[in-house]
Amino acid sequence: MSIIEDISLHPLTEPQFVKTQLMRYRQNGTPKMWEIAHVHDSVAVLLYHKQKEAFILVKQFRPAVFLRNEEGFTHELCAGICDKESSLEQIAVEEIMEECGYEVKPEALEKISGFYTSVGFAGSKQALFYAEVDEQMRKGEGGGIEHEEIEVIEVAVDDAYDFALNESYAKTPGLMFAFLWWFKNKS
């Protein structure tokens with residue numbers, strides 16, 4: 001378990017991933033303004049382990065969530081930002097290997113949908129995919145790269161619906177949507 005200490009907040013002077021701006025505009029003749037953030041689009045993947053009849057998720061510390069709930073750990077789909085010139089599918093399979101340790105071919109991904117996230121301030125787009133894995137596809141432990149501390153977790157299919165609605169687990173709406181999609185289309 002991570003120990004979080006010596007917290008301080010500072011304005012960004014040279015941001016790497018999030019750039020903020022004040023947008024001024026007119027809507028129906030009325031001058032308006034809105035604070036926005038430019039962030040990268042992303043991919044996310046619902047991974048289903050066929051032999052274990054379980055979903056493979058990641059659990060990681062998110063500083064912004066920590067400021068809201070003093071725990072800071074979220075349960076998420078395997079995901080990553082689109083910050084390089086690669087197809088969405090290629091980014092997705094790289095994230096699956098880095099975060100979860102499974103080798104999935106781009107053609108094995110099934111596109112579920114795309115949607116906008118953080119619409120109140122960022123409006124980034126996320127592409128959501130589905131893939132099935134088994135133990136023969138495991139090529140590593142996952143856990144992320146460099147200084148990422150990602151825990152790979154499993155949620156049994158029998159527990160997934162209750163997990164999705166259980167507010168005691170900090171999670172993304174994309175994860176909840178992906179579970180509901182699976183129950184409608186794959187179960």
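Modeller: One term before we start: buried means under 20% relative accessible area, exposed means over 50%, and partly exposed is what falls in between. Also, this is a predicted model.

Colleague: Fine. Cysteines, then. How many disulfides does the count come to?

Modeller: The count comes to zero disulfides. The cut-off is a pair of cysteine sulfur atoms within 2.5 Å.

Colleague: Is C100 buried or exposed?

Modeller: C100 has a relative accessible area of 0%, so it is buried. C78 has 1% and therefore counts as buried too.

Colleague: Switching to strands. Where is S42?

Modeller: S42 is in strand 3, which covers residues 42-49. Its relative accessible area is 12%, so S42 is buried.

Colleague: What does S42 touch?

Modeller: Not counting residues up to four places away in sequence, S42 touches G80, I81, C82, K125, Q126 and A127.

Colleague: Where does F17 lie?

Modeller: F17 lies in the segment before strand 1, which is 19-27. At a relative accessible area of 45%, F17 is partly exposed.

Colleague: While we are at strand 1, how many bridges join strand 1 to strand 2?

Modeller: Nine bridges, with the two strands running antiparallel; strand 2 is residues 30-38. As an example of a bridge pair, M23 has W34 as its partner in strand 2.

Colleague: And what does N28 do in the hairpin of those strands?

Modeller: The hairpin of strand 1 and strand 2 has two residues between the strands, and N28 takes a positive phi near 55° there.

Colleague: Backbone angles, then. What is the phi of D6?

Modeller: About 50°, a positive value, although D6 is not a glycine. D6 is found in the segment before strand 1. With a relative accessible area of 73%, D6 is exposed.

Colleague: What about the phi of S118?

Modeller: Phi of S118 is near 50°, also positive in a residue other than glycine. S118 sits in the loop between strand 7 (110-117) and strand 8 (124-133). Its relative accessible area is 37%, which means S118 is partly exposed.

Colleague: Last topic, a helix. Where does M97 lie?

Modeller: M97 lies in helix 2, residues 88-100. M97 is partly exposed, at a relative accessible area of 29%.

Colleague: Which residues is M97 in contact with?

Modeller: Y102, E103, K139 and G142, leaving aside the neighbours of M97 within four places in sequence.

Colleague: And what separates M97 from E71?

Modeller: Their C-alpha atoms are separated by 27 Å, and the two residues are 26 residues apart along the chain.

Definitions and conventions:
Residues are numbered from 1 along each chain as its sequence is written. This is a predicted model: local features need pLDDT of at least 70, side-chain atom pairs count only at pLDDT 80 or more; totals for chains, interfaces and linings use all residues. Side-chain values use heavy atoms; hydrogens and water are left out. Buried means under 20% relative accessible area, exposed over 50%, partly exposed in between (1.4 Å probe, protein chains only). Helices (H or I, at least four residues) and strands (E, at least two) are DSSP runs, numbered from the N terminus. Contact means heavy atoms within 4.5 Å. Two strands pair if DSSP finds at least two bridges between them.
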